[in-house]
Amino acid sequence: MAAVKLQSSLPYSKPLAMRPSLFLTSATLFLLSTSLDAADAISANQAIDHPVVLPVSVIDYLTKEIDTTYAECEQEGLIVSKAFEARTVELSSSVKAFVVKPRSRCFCTKDECPMWVFDASNQKAKVLFESPMAGLLTFSDNKTRGFPDIKVSGGLLSHGLSSHGYEVRYAWDGAEYQEIYNHVWIWNPDRQCKEAEIEELKDGKWVKTSKACLNV
């Protein structure tokens, strides 16, 4: 299985194999030990219930990530195993994974955190999916080539209402997760809808862009 890392316009992100083009698509976007079941989600702002103990290989991987990408969060006395939390998810009947997010808010913005999906069956830390920032990471009921699709989404609140947001969907192609859809939107109070710019992709390549007024 090939590791997927996603590029972000955020200042501390590294060049990665895929780009979440939503971060670059619209200037209106402001930012931007029980298993999880399909359609369950991990929220950046909610602690994981019954977190599992991370293996040493994943802790070592995250330690290197702190050294190279999140150096500003490295501090004396930081215990990496306590700075992150994880749940398990069954990607298929034979493949289990760890979904990992920070417990420490130093790695996050107000409403978003980086999240990783590691292959739990591998002795070495093998990243199957990574999002540099996500408000919500959801495993879909829909499956592609045996693995659940993944949705990354988030938004910004203004006066208690969502004013900007995004959604990106990824599907397993047999070797890695590929971006298949993304949109960014801004709330239009006059039309009472979310004005969105939508990109559709196939095999990680752009197919078409469209605009729509999405119902709430």
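The legends below describe close-up views of a predicted model. In this predicted model, local features need pLDDT of at least 70 and side-chain atom pairs count only at pLDDT 80 or more, while totals for chains, interfaces and linings use all residues. Residues are numbered from 1 along each chain as its sequence is written, and side-chain values use heavy atoms, with hydrogens and water left out.

**View 1. The disulfide between Cys73 and Cys106.**
A search of the whole structure finds two disulfides, a disulfide being a pair of cysteine sulfur atoms within 2.5 Å. In the one shown here, the sulfur atoms of Cys73 and Cys106 are 2.1 Å apart, and the torsion about the S-S bond is about -100 degrees, so this disulfide is left-handed. Cys73 lies in the loop between helix H2 (56-68) and helix H3 (80-83), and Cys106 in the loop between strand E4 (96-102) and E5, so the pair ties together parts that are 33 residues apart in sequence. Helices (H or I, at least four residues) and strands (E, at least two) are DSSP runs, numbered from the N terminus. Cys73 is buried at 1% relative accessibility, whereas Cys106, at 35%, counts as partly exposed; buried means under 20% relative accessible area, exposed over 50%, and partly exposed in between (1.4 Å probe, protein chains only).

**View 2. The disulfide between Cys108 and Cys113.**
Here the S to S distance is 2.0 Å, and the torsion about the S-S bond of Cys108 and Cys113 is about 105 degrees, so the disulfide is right-handed. Cys108 counts as buried at 13% relative accessibility, and Cys113 is buried as well, with a relative accessible area of 0%.

**View 3. The aromatic pair of Phe84 and Trp116.**
The structure holds eight aromatic pairs, where rings of Phe, Tyr and Trp (its six-membered ring) pair if their centres lie within 6.5 Å, and planes under 30 degrees apart count as stacked, over 60 as edge-to-face and the rest as tilted. The ring centres of Phe84 and Trp116 are 5.8 Å apart and the planes stand at 70 degrees, so the pair is edge-to-face. This pair links distant parts of the chain, with Phe84 in strand E3 (residues 84-90) and Trp116 in strand E5 (residues 113-119), 32 residues apart. Phe84 is buried at 3% relative accessibility, and Trp116 is buried at 0%.

**View 4. An aromatic cluster, and an arginine over a tyrosine ring.**
Ring pairs link Phe129, Phe147, Tyr170, Trp172 and Tyr177 into a cluster. Arg169 lies over the face of Tyr181, at 4.0 Å from the ring centre; a charge sits over a ring if NZ of Lys or CZ of Arg is within 6 Å of the ring centre and within 35 degrees of the ring normal.

Glu85 is buried, with a relative accessible area of 4%. A polar contact of 2.9 Å joins the side chains of Glu85 and Lys101, and a polar atom of the Glu85 side chain lies 3.3 Å from the backbone nitrogen of Ile48. A polar contact is a pair of N or O atoms within 3.5 Å; within protein, one must be able to donate a hydrogen and the other to accept it, and residues adjacent in sequence count only if both atoms are side-chain atoms. Not counting residues up to four places away in sequence, Glu85 touches residues including Gln46, Pro51, Val99 and Arg103, contact meaning heavy atoms within 4.5 Å.

**View 5. Ala134 in strand E6.**
Ala134 counts as buried at 0% relative accessibility. Ala134 and Ala44 are 90 residues apart in sequence and 6.8 Å apart in space, C-alpha to C-alpha. Apart from residues up to four places away in sequence, those that Ala134 touches include Ala44, Cys113, Met115 and Tyr166.

Most residues other than glycine have a negative phi.
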